Amino acid sequence: MQYLLLIYRSEAELSKMTPADRQAMSADYGTYTQSIVQSGHFKAGDGLQPSTTATTVRVRDGKTLTTDGPFAETREQLGGYYLVEAKDLDTAIALAARIPGAREGSIEVRPVMIYK
């Protein structure tokens with residue numbers, strides 16, 4: 001089954017990181033990504049631009065409405081994701097727990113809906 005591992009963390013805290021801290025975090029993500037590629041769990045994954053670049057789209061009464069930024073005010077923002085193949089939720093949770101962002105932010109694990 002496929003699971004989407006959504007990586008949330010505070011953009012404000014991320015912006016306070018030193019270049020050395022950012023480089024170390026990037027290296028941690030590189031190591032993690034290589035490990036799930038090699039184990040066969042990796043399907044896709046990317047980081048996202050800051051939430052200030054987001055556009056939220058809604059359709060109301062047949063009209064498309066757009067708003068700059070994310071939909072909700074939160075302390076943590078969606079910063080990236082991994083799409084993984086895992087035999088069950090426990091395996092997906094174990095993969096999520098190893099994501100470097102889990103140490104300071106949170107990882108949401110969501111099964112991917114299969115349409116038949």
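User: How many helices and strands are there in the chain?

Analyst: The chain has three helices and six strands. Helices (H or I, at least four residues) and strands (E, at least two) are DSSP runs, numbered from the N terminus. From that terminus on, the order of elements is β-α-α-β-β-β-β-α-β. This is a predicted model: local features need pLDDT of at least 70, side-chain atom pairs count only at pLDDT 80 or more, and totals for chains, interfaces and linings use all residues. Residues are numbered from 1 along each chain as its sequence is written, and side-chain values use heavy atoms, with hydrogens and water left out.

User: Why does Thr 52 count as exposed?

Analyst: Buried means under 20% relative accessible area, exposed over 50%, and partly exposed in between (1.4 Å probe, protein chains only). Thr 52 has 67% relative accessibility, so Thr 52 counts as exposed. Thr 52 is found in the loop between strand 2 (42–47) and strand 3 (55–60).

User: What makes Tyr 32 and Tyr 82 an aromatic pair that is edge-to-face?

Analyst: Rings of Phe, Tyr and Trp (its six-membered ring) pair if their centres lie within 6.5 Å; planes under 30 degrees apart count as stacked, over 60 as edge-to-face and the rest as tilted. By this rule the count comes to two aromatic pairs. In one of them, Tyr 32 and Tyr 82 lie 5.2 Å centre to centre with 75° between the planes, and the pair is edge-to-face. This pair links distant parts of the chain, with Tyr 32 in helix 2 (residues 19–39) and Tyr 82 in strand 5 (residues 77–85), 50 residues apart.

User: Why are Tyr 32 and Tyr 82 called buried?

Analyst: The relative accessible area of Tyr 32 is 4%, so Tyr 32 is buried. Tyr 82 has 6%, and is therefore buried.

User: Why is the pair of Phe 42 and Tyr 82 edge-to-face?

Analyst: The ring centres of Phe 42 and Tyr 82 are 6.4 Å apart and the planes are at 75°, so the pair is edge-to-face. This pair also links distant parts of the chain: Phe 42 is in strand 2 and Tyr 82 in strand 5, 40 residues apart. Phe 42 has 27% relative accessibility and therefore counts as partly exposed. Ring pairs link Tyr 32, Phe 42 and Tyr 82 into a cluster.

User: Which residues touch the most other members of the largest nonpolar core?

Analyst: A nonpolar core is a set of buried Ala, Val, Leu, Ile, Met, Phe, Trp, Tyr and Cys residues joined through side-chain atoms within 4.5 Å. The largest has 17 residues, of which Leu 5, Tyr 32, Tyr 82, Val 84, Leu 95 and Ile 99 touch the most other members. Strand 1 (2–9), helix 2, strand 5 and helix 3 (89–97) are the elements that give two or more residues to this core. Helix 2 gives the most, with four residues.

User: Which residues does Ile 99 touch?

Analyst: Contact means heavy atoms within 4.5 Å. Not counting residues up to four places away in sequence, Ile 99 touches Leu 5, Ile 7, Tyr 29, Tyr 32, Tyr 82 and Ile 107.

User: What share of the 116 residues in the chain is buried?

Analyst: Buried residues make up 27% of the 116 residues.
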